[in-house]
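Work through the exercises below with the sequence and the model open. Each task is followed by a solution in steps.

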Amino acid sequence: MAMFDQTFVDGVGKTNKSWTVTLSFAVEFIAIGVMILIPLIWTEALPKASLVNFLTAPAPPPPPPPPPPPAQVIKVVHVAPRQFNGQTLQAPREIPKQVAMITEDALPPSNVGGVVGGVEGGIPGGTGLGGLGGAGFAPPPPPPPPPPKVVDVKPKVEGPQRVSSGVQSAKLIKHPTPLYPPIAKSARIQGTVVLQAIIGKDGTVQNLKMISSSSPLLVQSAMDAVKQWVYQPTLLNNEPVDVITEITVNFTLQ
């Protein structure tokens, strides 16, 4: 009894301050607000698996199955029976109800009866062509066309043709002997002069120039003599042409 008497004693240990209750409610509200704001501010602290499941959109529904293909229409082709297979006549599979009759036109009258005004004593039905039973001779074939005319095109010759000195010397017709220069003769000078000459179509020397000489004292005398030489014209395709050749003149003391 002493214990219960101490519990229900009036005025002993009782508080009448209301501000403490208000303060306790305010502290609880602040604590709850902090617990709600922390996940919203620091999202890294939340479990990733639950966050992905919360933010990922659900998968779309599967597409509907394709429609079934349309039924294939089978065309029935009626093939008419053939009476001929290649060159063989085939019997019909059933008896026809109507048989077609084939009629042929009459042949025209034959003209084989002879020629009006034929030869007396000839063969009946002959054609007057030797009695070959109406078979005539075919006309002779036309003569073949004449062969094409072959035109002999001669090559065009441009410029003088080069001829060796030995061949050209054989065609020499007129060749006066060159005079021995007196100075060279008194000086006992002898030797050869090589000239290059163009022989015209008429065989005369038209152009002359010196190639080499043993002594310059012999050149003028050799050129004066060679300018008077005359050759037989050189023919190419039966036409005279200009030729170029070398001429050698020898000076020898006796």
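**Exercise 1.** How many aromatic pairs does the count come to by the ring rule?

Solution. The model is predicted: local features need pLDDT of at least 70, side-chain atom pairs count only at pLDDT 80 or more, and totals for chains, interfaces and linings use all residues. Residues are numbered from 1 along each chain as its sequence is written, and side-chain values use heavy atoms, with hydrogens and water left out.

Step 1. Rings of Phe, Tyr and Trp (its six-membered ring) pair if their centres lie within 6.5 Å; planes under 30 degrees apart are stacked, over 60 edge-to-face, the rest tilted.

Step 2. The count comes to one aromatic pair. Its rings belong to tyrosine 180 and phenylalanine 251; the centres are 5.5 Å apart and the planes stand at 85 degrees, so the pair is edge-to-face.

Step 3. The partners are 71 residues apart, with tyrosine 180 in the loop between strand 4 (172-174) and helix 5 (182-186) and phenylalanine 251 in strand 10 (residues 243-251). Helices (H or I, at least four residues) and strands (E, at least two) are DSSP runs, numbered from the N terminus.

**Exercise 2.** Is threonine 234 buried or exposed?

Solution. Step 1. Buried means under 20% relative accessible area, exposed over 50%, partly exposed in between (1.4 Å probe, protein chains only).

Step 2. Threonine 234 has a relative accessible area of 11%, so this residue is buried. Phenylalanine 251 is also buried, at 3%.

**Exercise 3.** Which helix holds isoleucine 36?

Solution. Step 1. Isoleucine 36 lies in helix 2 (residues 19-41).

Step 2. Its relative accessibility is 53%, so isoleucine 36 counts as exposed.
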